[in-house]
Amino acid sequence: MNWFTSLFTKRPNKIYTNEEHQSVKKSQTFELYEKGKENFLDKEMYQALLNFDEAIENGFTVYFQNYNAELFDLRARCLQELKFDFDAIRDFDKSISLSGN
């Protein structure tokens, strides 16, 4: 019977420090980027675009600045494939300006 009552007892929620919260958010953001890359390679352009957009919204461009050129290049190719040509051009321009070479 003890196991039954333990199902309904309230357990304390884990309280994250600010640093732990940022670390979790960073890893989730990078996972979105990686999922987007997988979707891109699998030719699932719409899903890839959604993952890239969500990664950007969650701060990918701040957390992982070394990957920004690649992110915008991949996103531009998704946009181009989906016939959003003006948006693709904007992202290609951003990728070129971030690449350095």
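**A salt-bridge network and the helix beside it**

Asp53, Arg75, Asp87, Arg90 and Asp91 are tied together in a network of salt bridges, a salt bridge being a side-chain nitrogen of Lys or Arg within 4 Å of a carboxyl oxygen of Asp or Glu. The model is a predicted one, so to speak of local features takes a pLDDT of at least 70, and side-chain atom pairs count only at pLDDT 80 or more, while totals for chains, interfaces and linings use all residues. Residues are numbered from 1 along each chain as its sequence is written, and side-chain values rest on heavy atoms, with hydrogens and water left out.

By the salt-bridge rule, the count comes to six. One of them joins Arg75 to Asp53, with the closest N and O atoms 2.9 Å apart. This pair links distant parts of the chain, as Arg75 belongs to helix α5 (residues 68-81) and Asp53 to helix α3, 22 residues apart. Helices here are DSSP runs (H or I, at least four residues), numbered from the N terminus. Arg75 is buried, with a relative accessible area of 11%, whereas Asp53 is partly exposed at 25%; buried means under 20% relative accessible area, exposed over 50%, and partly exposed in between (1.4 Å probe, protein chains only).

Arg75 also meets the side chain of Asp91 in a salt bridge (2.5 Å, N to O). Again distant parts of the chain are linked, with Asp91 in helix α6 (residues 85-99) and Arg75 in helix α5, 16 residues apart. Both partners, Asp91 and Arg75, are buried. Asp91 has a relative accessibility of 2%, and it forms a salt bridge with Arg90 too, the closest N and O atoms being 3.8 Å apart. Arg90, at 45% relative accessibility, counts as partly exposed.

Back to α3, the helix that holds Asp53. Helix α3 runs over residues 45-57, and at 1.5 Å a residue its 13 residues should span 18 Å, which agrees with the 18 Å between its end C-alpha atoms; the expected span is 1.5 Å times one less than the number of residues. The buried residues of α3 are Met45, Ala48, Leu49, Asn51, Phe52 and Ala55. Seen down the helix axis, these buried residues fall within an arc of 165°, so they line one face of α3; the arc is that of the directions from the helix axis to the C-beta atoms. The face turned away from the buried side carries the exposed residues Tyr46 and Glu57. After α3 comes Gly59, whose phi is positive, near 100°.

Key. Helix = DSSP H or I, 4+ residues; strand = E, 2+ residues; numbered from the N terminus.
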